[in-house]
Structures are given as C-alpha cells and as structure tokens.
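Work through the exercises below with the sequence and the model open side by side. Try each task before reading its solution.

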Amino acid sequence: MTRYVVPINKVPYPQRRLFPKKREWQNWYRIDERVALWSKRYPDAKVPILTSFKLAGEIEPESAIHARTLAELGVRPELLRFEDNILDTIDQVDRLRKIVAEDGSEILVVVCDPLQFLRVRWLCRDLKFKYEIVWGLPNMQELVTDLLLAIIFPIVDTLGYGKKFSDWSRSRRLKGKV
C-alpha cells in the first residue's frame, strides 16, 4: 500500500499577489512547506503534484515550481509523483480519487488553503480524509474566485452543472488563464 501526502496546489506565479517577492508569505508556498513537514514525518510517503497548469506568458508550468520548492524544502525528488492534464480543483480531486482507488492507497493528509478547503471538502464529501488548512497570502484573483465558489459551486454541482462548470474552467486554463 502506498501512502500519500497530498497538496491541493495553488497558483505560484507572482502576478496579482501582495508582496510577491515574499514567497514564504504566499499560500502556495505555505502549502508546499507544510507538505515538506509531513514528508519528514512520513519519509516513505509519496507527494503527488496535482497540477499541469501553465499561465500564459510563463516559461514553466506550476508543477516545475512546486517540485523545485518541495526539493528546496527537503522532499526527496523520487517521492514526487507528477500528474498530467490537471488544470483545476475538480481535476485535482478527480485524480485524488483515482490515487485512492489504486491498490488501496492511503491518503495521510490533504493540505490546502482555507479559501479552497470548502470546495475541496464538498468534492470529497464521500471520502474520509484528514485535512490540514494552511494560511498564507492568496492571489487576489483566486481570493475572489475561491470565496464565490465556496458558496456557489455546491449549488451548481447539486443542480447537475458541475461538469459544465469544470469544462468551462478547463477551457480557460487551457488558454493559460487563472
């Protein structure tokens, strides 16, 4: 059985961030930092990088930034598991479900920021995970989006439009938009 420490990654690019040069204050960095602490506690646990998004105009995808940061924080590169074709929170949770289904994998903890937690919790409502909520400065656009989606997404999903919303979100992300 494989064990996992799962970050629900946030956009690490500096655009639209308060104090962008202070990465240690940012939510994405704080999530990676906490994952590194869990990785030290469980040195055999794998860390899936559940993002393949690349912001328009950027040279590297989010996954490369998270992998480099996690390595700087002491996570061994061989523990990282890169996942392709993941562009939004819904994709992240769908892939998380597949990981759980693999050979009885155990999710030790899901690490996310408080603004995304409610949506992640909604999407994982039938799964039993331990969550760790990590505070940090958000991307200003994500702040608004995450607050709105915390309220609106469960309604949209309950009405049967979750897939349509995901398709719309993916189409934006494929164009490199947050």
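## Exercise 1: a strand and its partner

Arg3 has Glu106 as its bridge partner in strand S4. This is a predicted model, in which local features need pLDDT of at least 70, side-chain atom pairs count only at pLDDT 80 or more, and totals for chains, interfaces and linings use all residues. Residues are numbered from 1 along each chain as its sequence is written, and side-chain values use heavy atoms, with hydrogens and water left out.

Solution. 
- Locate the strands. Strands (E, at least two residues) and helices (H or I, at least four) are DSSP runs, numbered from the N terminus.
- Count the bridges. Two strands pair if DSSP finds at least two bridges between them.
- Check the cover. Buried means under 20% relative accessible area, exposed over 50%, and partly exposed in between (1.4 Å probe, protein chains only).

## Exercise 2: salt bridges

Solution. 
- Set the rule. A salt bridge is a side-chain nitrogen of Lys or Arg within 4 Å of a carboxyl oxygen of Asp or Glu. The model has 16 salt bridges.
- Check the pair. Arg3 and Asp44 meet at 3.0 Å, N to O.
- Arg3 lies in S1 and Asp44 in the loop between helix H1 (27-41) and strand S2 (47-49), so the pair links parts 41 residues apart in sequence.
- Arg3 is partly exposed at 23%. Asp44 is partly exposed too, at 47%.

Task: are Glu83 and Arg95 buried or exposed?

Solution. 
- Find the contact. The two side chains form a salt bridge at 2.7 Å, N to O.
- Glu83 sits in the loop between strand S3 (80-82) and helix H3 (89-101), and Arg95 in H3, so the pair ties parts 12 residues apart in sequence.
- Conclude. Glu83 and Arg95 are both buried.
- Now contrast Arg76. Its salt bridge with Glu78 has its closest N and O atoms 2.6 Å apart. Arg76 is partly exposed, at 37% relative accessibility.

Task: which residues are linked in a network of salt bridges?

Solution. Lys10, Arg119, Glu142 and Asp146 are linked this way.

## Exercise 3: the largest pocket

Task: what lines the largest pocket, and which helix gives the most?

Solution. 
- Define it. On a 1 Å grid over the protein atoms alone, a pocket is an open set of points with protein on both sides within 12 Å along at least five of seven lines; lining residues have an atom within 4 Å of a point.
- Count the lining. It has 30 residues, and Asp88, Arg119, Thr145, Ser169 and Arg173 lie nearest the centre.
- Assign the helices. H3, H4 (114-123), H5 and H6 each supply at least two residues. H5 gives the most, with 8.

Methods. 1 Å grid on protein atoms, 1.4 Å probe; cavity = no way out; pocket = protein on both sides within 12 Å on 5 of 7 lines; lining within 4 Å.
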